[in-house]
Amino acid sequence: MGMSAYLKGLVLAATLKNEPFSIGEIFLSLHSAVPDMQGGGEVNRGNYKRQRISEWTVTENDGYRNTRLVDFANMPPGIIMGVGLWDAATGGHFLWGGGVREAKIVNDNSIFRFPVEHLRVDLLDRRLCLL
């Protein structure tokens, strides 16, 4: 999926019109399908909540990978097929999304975990994915 229209607009305005922008905290979301351009399909039941993700390392292809473990605790049952980045813990603007390599089945009250360096964001493939 890649960058949302909202984020593309900010990047283009900064590049072509010298309009500065910054995004504060970034939150990771889980989706029952690859998210659409508005972040559709986000898990919305049980104790699910987006997780703040702030520590990244640069990869060999000018992308970034997470440098800390990210846990979604007490998950409702379901299948995770996509992930997203947002600028808020609830609501906010959808920034970027993509699919997981393999759908993950989540059991009730389980933990869905992103190990260190298993979440990748890059412009080369315009993606966000779980490795």
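Which side chains meet in a salt bridge at 2.9 Å, N to O? I looked this up before anything else. They are the side chains of glutamate 42 and arginine 50. I note that the model is a predicted one.

Entry on burial. I checked how far this pair is covered. Glutamate 42 has 18% relative accessibility, and arginine 50 has 10%. Buried means under 20%, so glutamate 42 counts as buried, and arginine 50 counts as buried too.

Entry on the count. I looked up the number of salt bridges and found five. I followed up two others.

Entry on glutamate 25. I found glutamate 25 in a salt bridge with arginine 52, with 3.5 Å between the closest N and O atoms. This pair links distant parts of the chain, 27 residues apart. Glutamate 25 sits in the loop between helix 1 (5-17) and strand 2 (27-31), while arginine 52 belongs to strand 3 (residues 51-52). I read a relative accessible area of 43% for glutamate 25, which is partly exposed. Arginine 52, at 47%, also counts as partly exposed.

Entry on lysine 17. I found its side chain meeting that of glutamate 19 in a salt bridge at 3.4 Å, N to O. Lysine 17 is exposed, with a relative accessible area of 59%, whereas glutamate 19 counts as partly exposed at 36%.

I turned to nonpolar residues and found a surface patch of about 310 Å², made by Ile79, Met81 and Ile105. I placed isoleucine 79 in strand 7 (residues 78-86). Isoleucine 79 is partly exposed, and I noted its relative accessible area as 42%.

How values were computed. Residues are numbered from 1 along each chain as its sequence is written. This is a predicted model: local features need pLDDT of at least 70, side-chain atom pairs count only at pLDDT 80 or more; totals for chains, interfaces and linings use all residues. Side-chain values use heavy atoms; hydrogens and water are left out. Patches are made of residues with over 30% relative accessible area and no salt bridge: like charges are joined within 9 Å, nonpolar side chains (Val, Leu, Ile, Met, Phe, Trp, Tyr) within 5 Å. Accessible areas come from the Shrake-Rupley method with a 1.4 Å probe; for residues, only the protein chains shown count as cover. A salt bridge is a side-chain nitrogen of Lys or Arg within 4 Å of a carboxyl oxygen of Asp or Glu. Helices (H or I, at least four residues) and strands (E, at least two) are DSSP runs, numbered from the N terminus. Buried means under 20% relative accessible area, exposed over 50%, partly exposed in between (1.4 Å probe, protein chains only).
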